[in-house]
Amino acid sequence: MDLILFSCRARINSFFRQKRLQRVLLLSLGLVSAGVYSWLFAFLLQQAGEGSTKLSVDQVLEYTNLFMLAIIILKGFFPAYIPKASLIPQLYPVSALQRFRTELVVELVSPFYFVLLNFLVLMYLMSPLYTLLHLLQSVLVILTAHVTLRSLQVFIERRMRWKNANFYSAAVMAAAFIALQVRVPMFYPVSEWLMLVVHLAALGAFVTANFFLEKAASEPRRKTVNYSTSARRSLGWRLFKNHKQARQMLIFGFVFKVFILGADALAFAKKGEHLLDEVMTLWLFVGPLVVFSYVFNNVWGFYRNLWLTVERSSGTTKDLLRVTWLALRLPLLIDAVLTFVYVAVFNQGEAFFVVMMYLGSVLVMAPLSIIASVVSPKTVSGGMFSFSAKASYLFNFIAIGLLCLLFLPLIHPLLYLVYPVVVGGTIFALVAVLKEYPRYKYKLFETHFKAEA
């Protein structure tokens, strides 16, 4: 217990040790957002209770739980992957159970979960239809989503011993959890305290499965390097193939995008309605956002040796733009193929908009990625699955905001006039940054090379 308390205090202190004002403002913004969303869902519950909407009270409560379930899992993968916390090294004389218990509890001590808890409490205070029973059930949904995220992180970051007895134990406990969820889904609102006990038992089985899964995957994945010596392969292919970390993150982003588009395709095949039309934010994954937010908003953090080679050979902005395009073109081609196959098969009605939006996204995000890589470089360190450094969060959110502007023609076709303004503004910003590139390149060298000294 002392270890858990010490770790929690250290985690809380670490939040405000650096950039205190910025993090306080972000936490304040999160609390304000929690208040706004709690009022919104409380209002929806009131309207559903009065019969003013097509949704029932149970449906609103179900969507609330699904909203929290989705956002907790998505936050671990978008706009960039967040690694699983490893607070206690394997060599420390701490039992596996104590290490697991400490990491599980400490991970929940975060501003995100604090804001989410405020959202639930405020909704409980605002709406009489959201009872204490529903509040406790939502807490169980949050814990289940967090354990789901941890399990996915284990599969991604560690090497699994498939024939180990711990893996079989994890599979048995996971099967028990799935069986209970198929019978009584946790996100569906309950009306009896006994059902809460069933959900608590399901969560206990899932946590146990996560514990055994970590024991079966105790070894981290090892970093390996493969070289391509074929002269027939293009430089773009070699940049994609030989950089294991960048390639893995890009492939992971592609799989994530395929999952979103596949869910929409499945909904269209079953109901004849697109999931994208019901949840408009999913349109973000139709564009090439994952390619840029995962890697290319910090391209020189990944391909730093390539940048240094160009800088020492010529140092011109023309060569800088050329090698950026060489590294970008193959991932962008793969992303475009995934998008247009989906459009051609499942969403032909929006084909013109998707083509225009995709071209506009490339013209906006490619210059923005160069700006982000030069103005706000981040050091990428660690092994292939460490993900200890990512692209700038500021520029990732700027990219999301600019991409949202390209979706305005969904409201009215006249808003295609926004495209030349956004594209022109981004190119103008790129030109301004490139003029100052002789000053920024010293910061690039210091970030990517002198940081190791």
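## Helix α10 against helix α15

L250, F254, K257, V258, L261, D264, A265 and F268 are the residues of α10 that meet α15. On the α15 side, the partners are P331, I334, D335, L338, T339, Y342 and F346. By class, this contact of α10 with α15 has 11 nonpolar, one polar and three charged residues. The model is a predicted one.

Two packed helices are described by the angle between their axes and the distance between the axes. Here α10 covers residues 244-271 and α15 covers residues 317-346. Their axes come within 11 Å and cross at roughly 5°. Angles under 35 degrees count as roughly parallel. The two helices α10 and α15 are therefore roughly parallel to each other.

Side chains of opposite charge can pair when their charged atoms come close. K257 and D335 form a salt bridge, with 2.9 Å between the closest N and O atoms. K257 lies in α10 and D335 in α15, so the pair ties together parts that are 78 residues apart in sequence.

Are these two residues buried or exposed? K257 is buried, at a relative accessible area of 0%. D335 is buried too, with a relative accessible area of 0%.

## Other salt bridges

How many salt bridges are there by this rule? The count comes to seven. One of them joins E311 and K441, with the closest N and O atoms 3.1 Å apart. This pair links distant parts of the chain. E311 is in helix α14 (residues 304-313), K441 is in helix α19 (residues 437-448), and 130 residues separate them. E311 is buried, with a relative accessible area of 12%.

E436 and R439 also meet in a salt bridge, at 3.4 Å from N to O. E436 is partly exposed, with a relative accessible area of 36%. R439 is exposed, at 51%. Elsewhere, salt bridges link E103, E107, R150 and E214 in a network.

## Nonpolar cores

In soluble globular proteins, nonpolar side chains tend to be buried together. The largest nonpolar core in this model has 75 residues. Which of its residues touch the most other members? They are F296 and Y303. Helix α16 (residues 351-375) gives the most to this core, with 13 residues.

Leaving out residues up to four places away in sequence, Y303 touches L239, F240, H243, A246, F296 and A327. Another core lies apart from the largest one. This other core has 18 residues, among them A34, L45, M68 and Y130.

## Two residues in their surroundings

L330 has its place in helix α15. What does L330 touch, not counting residues up to four places away in sequence? Its contacts are G236, W237 and F240. The C-alpha atoms of L330 and L239 are separated by 9.1 Å. Along the chain, L330 and L239 are 91 residues apart.

A175 is found in helix α7, which spans residues 165-183. A175 counts as partly exposed, at 44% relative accessibility. A175 and A205 are 30 residues apart in sequence. In space, A175 and A205 are 8.9 Å apart, C-alpha to C-alpha.

Conventions:
Residues numbered from 1 in each chain as written. Predicted model: local features only at pLDDT ≥ 70, side-chain atom pairs only at ≥ 80, totals over all residues. Heavy atoms only, no water. Axes fitted to C-alpha atoms, helices over the stretch in contact; angles between N-to-C directions. Helix = DSSP H or I, 4+ residues; strand = E, 2+ residues; numbered from the N terminus. Parallel < 35°, antiparallel > 145°, perpendicular 65-115°, else oblique. Contact = heavy atoms within 4.5 Å. Nonpolar A, V, L, I, M, F, W, Y, C, P; charged D, E, K, R; others polar. Salt bridge = Lys/Arg side-chain N within 4 Å of Asp/Glu carboxyl O. Buried < 20%, exposed > 50% of the residue type's maximum accessible area, 1.4 Å probe, protein only. Core = buried A, V, L, I, M, F, W, Y, C linked by side-chain atoms within 4.5 Å.
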